[in-house]
Amino acid sequence: MLEKYKEKISAPREIPGAPKMQVFIMSYCPFGLQFLKGLLPVWKKFIDKANIELRFVSYTMHGQKEEEENKRMICIREEQSSKLLAYLECFVKSGDSAGCIKEAGIDKDKLESCMQSRAEKYFAEDKELNEKYGVQGSPTVVIDGKQVEIWPRSPENIKEKLCEAFTSKPSECNEKLSEENPSPGFGLGTSSAGGTC
């Protein structure tokens, strides 16, 4: 039943034999946002080389707005996945979901229908993965089924960890990315601070 709502053509295909990086966050956790900012340049570069997934921690700490936003991101991930990176790039800068829906060209009606009636079903899979991998905070990174610590959360550092998981490294692994540690929370600053929610 859920399948009919998912994108048929632009939904990301699982890349056989490629590493899988699953990143568990809460959408309003300053440190989850920090990790996303470090991850996005890596995700764009490795989009057809590695299986990178945005997942959610099974509890929230930042109230109703976070529950709403988690659902929003889950629905974009599941049903309008070709727009997910554009939405996330906008959201980590501003936290303005309405503006980011517009900017990323997301079908608002489809999104609202998903949030009301299908988001919980999709989230059930994230909850199972939380239990499977012992996820206890945002951000938690799992590469090929094992939790890994990544600090600092710079694009270069995240890329290096991902590249360690390839048996045959793609040329992208030789490209140098930013070594700046993104600041926690919204906005594009840098900072030496870090932590988890």
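Two strands are taken to pair if DSSP finds at least two bridges between them. The legends below describe close-up views of a predicted model.

**View 1. Strand E1 and its parallel partner E2.** Strands E1 and E2 pair in the parallel sense, and 6 bridges join them. Within this pairing, Ile 25 has Phe 56 of E2 as its bridge partner. Together with helix H1 (residues 30–45), E1 and E2 make a β-α-β unit, which is right-handed.

**View 2. Strand E1 and its antiparallel partner E3.** E1 also pairs with strand E3 (residues 140–143), here in the antiparallel sense and over 4 bridges. Val 23 stands opposite Val 141 of E3. Of the 6 residues of E1 (residues 20–25), 5 are buried, so the strand is largely enclosed by the rest of the structure.

**View 3. Met 21 in the largest nonpolar core.** The largest nonpolar core has 46 residues. Those that touch the most other members are Met 21, Leu 39, Trp 43, Phe 46, Tyr 87 and Leu 88. Leaving out residues up to four places away in sequence, Met 21 touches Leu 39, Asn 51, Ile 52 and Glu 53, as well as Val 141, Val 142 and Ile 143. Ile 150, Ile 158 and Leu 162 are also touched by Met 21. A second core, separate and of 10 residues, has Met 26, Cys 29, Phe 31 and Val 135 among its members.

**View 4. Cys 29 and its surroundings.** Cys 29 lies in the loop between E1 and H1. Its relative accessible area is 0%, and the residue is therefore classed as buried. Apart from neighbours within four places in sequence, Cys 29 is in contact with His 62, Glu 66, Ser 138 and Cys 197. Between Cys 29 and Pro 139 there are 8.3 Å in space, C-alpha to C-alpha, although the two are 110 residues apart in sequence.

**View 5. Helix H2 and the elements that cover it.** Helix H2 (residues 63–79) comprises 17 residues. From its first C-alpha to its last, H2 reaches 25 Å, close to the 24 Å expected at 1.5 Å a residue. The buried residues of H2 are Glu 66, Glu 69, Asn 70, Arg 72, Met 73, Ile 74, Cys 75, Ile 76, Arg 77, Glu 78 and Glu 79. Their cover includes strand E2 (51–56) and the helices H3 (84–94), H4 (97–104), H5 (108–117) and H6 (119–133). Glu 66, one of the buried residues of H2, is also a contact of Cys 29.

Key
Residues are numbered from 1 along each chain as its sequence is written. This is a predicted model: local features need pLDDT of at least 70, side-chain atom pairs count only at pLDDT 80 or more; totals for chains, interfaces and linings use all residues. Side-chain values use heavy atoms; hydrogens and water are left out. Helices (H or I, at least four residues) and strands (E, at least two) are DSSP runs, numbered from the N terminus. The expected span of a helix is 1.5 Å times one less than its number of residues. Buried means under 20% relative accessible area, exposed over 50%, partly exposed in between (1.4 Å probe, protein chains only). Contact means heavy atoms within 4.5 Å. A crossover is right-handed if, with the strands pointing away from the viewer, the path from the first strand over the helix to the second runs clockwise. A nonpolar core is a set of buried Ala, Val, Leu, Ile, Met, Phe, Trp, Tyr and Cys residues joined through side-chain atoms within 4.5 Å.
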